Amino acid sequence: MDPYHVALFIHIVTLIVAVYATAVTKVAVGRRGIARTVGDALDWHGILMSTSKLFPVCLAAFTITGAYMLSFARPSVWSSGFVVAGLTGVVLLLASGVFLAVKGKALQQVLEGIAQRGLDQPAPKLMPPPIVAALPAINTGVAVGVVFDMVTKPSSIPLALMVVVFGILLGATAYLRRPTPLGDVVSARVQADSQTM
């Protein structure tokens, strides 16, 4: 066992942990959206917020272990396409994570304000802004693009960045093609009924 392979192991484990965290956060968002009471919504939001703290740790571990493994290569590797695309992906994911964390803390304050009147209060119908709803799918697309670049290792920077852009477009398309949640259908029907009266 040598340090390079230990770093490679940690590098791969960070991807596995990020996939786990993604799955848990997606479930928590879905359950929070259908919570009947503000107490339940706060519980699911708490799971979402605590699990999302794994993402910056994964990004840091992924970057540090990747940099360590690259230290064994020729110095010019730092200007290759897959490295530039990987670092670009890390910056995009970190910026997105900070934005979502700020929005998540604001929502937590709203839910806690409602909970002061009792945890059994009805949960508010949550309709996040489109960018907040789309970013998790886009982030998955960025991650898939970076992983593809890491495996294929294109030397061309434009080509490697195009793979990341393709991942972003793939994530955005997945978001746009998602099934309409039942809550959206009900609120759309209520709005349509109120306009016809």
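Student: In what order do the elements of the chain run?
Tutor: This is a predicted model, and from the N terminus on its elements run α-α-α-α-α-α-α. The count is seven helices and zero strands. Along its principal axes, the C-alpha trace spans about 70 × 35 × 25 Å.

Student: How do you know what span to expect of α1?
Tutor: The expected span is 1.5 Å times one less than the number of residues. With 31 residues, α1 is expected to reach 45 Å, and from its first C-alpha to its last it does reach 45 Å.

Student: Which residues of α1 are buried?
Tutor: Ala7, His11, Thr14, Ala18, Ala21, Thr25, Ala28 and Arg32. Among the elements that cover them are α2, α3 and α4.
Student: What makes residues of a helix point the same way?
Tutor: An α-helix has 3.6 residues a turn, so residues three or four places apart point the same way.

Student: Why is alanine 115 called buried?
Tutor: Buried means under 20% relative accessible area. Alanine 115 has 13%, so it counts as buried. This residue is in helix α4. Leaving aside neighbours within four places in sequence, alanine 115 is in contact with Val38 and Leu42.

Student: And why is aspartate 43 called exposed?
Tutor: The cut-off for exposed is over 50%. Aspartate 43, in helix α2, has a relative accessible area of 51%, so it is exposed.

Student: What makes lysine 153 partly exposed?
Tutor: Partly exposed is the range between the two cut-offs, 20% and 50%. The relative accessible area of lysine 153 is 47%, so the term applies. Lysine 153 sits in the loop between α5 and α6, and its phi is near 50°, a positive value in a residue other than glycine.

Student: How far is lysine 153 from aspartate 43 in space?
Tutor: The two are 42 Å apart, C-alpha to C-alpha, and 110 residues apart in sequence.

Student: What makes a set of residues a nonpolar core?
Tutor: They must be buried residues of the listed nonpolar kinds, joined through side-chain atoms within 4.5 Å. The largest such core here has 14 residues, and Phe82 and Val146 have the most contacts inside it. Two or more residues each come from α3, α4, α5 and α6, with α4 giving the most, five. A second, separate core has nine residues, including Ala35, Val38, Ala41 and Ile114.

Student: Which residues does phenylalanine 82 touch?
Tutor: Not counting residues up to four places away in sequence, phenylalanine 82 touches Leu70, Val77, Asp149, Met150, Lys153, Pro154 and Ala160.

Student: Which residues lie nearest the centre of the second largest pocket?
Tutor: Of the 22 residues in its lining, those are His11, Gly66, Met69, Phe82 and Met150. The helices that give two or more residues to this lining are α1, α3, α4 and α5. The largest share, six residues, comes from α3. About 480 Å³ of space lies in this pocket.

Student: How does the lining of that pocket divide into nonpolar, polar and charged?
Tutor: There are 17 nonpolar residues, four polar and one charged. Gly counts as polar here.

Student: What share of the whole chain counts as buried?
Tutor: Of its 197 residues, 31%.

Methods: Residues are numbered from 1 along each chain as its sequence is written. This is a predicted model: local features need pLDDT of at least 70, side-chain atom pairs count only at pLDDT 80 or more; totals for chains, interfaces and linings use all residues. Side-chain values use heavy atoms; hydrogens and water are left out. On a 1 Å grid over the protein atoms alone, a cavity is a set of points where a 1.4 Å probe fits but cannot get out, and a pocket is an open set with protein on both sides within 12 Å along at least five of seven lines; lining residues have an atom within 4 Å of a point. Grid points are joined across faces, edges and corners, and a volume is the space filled by probe spheres set on the points. Helices (H or I, at least four residues) and strands (E, at least two) are DSSP runs, numbered from the N terminus. Buried means under 20% relative accessible area, exposed over 50%, partly exposed in between (1.4 Å probe, protein chains only). Contact means heavy atoms within 4.5 Å.
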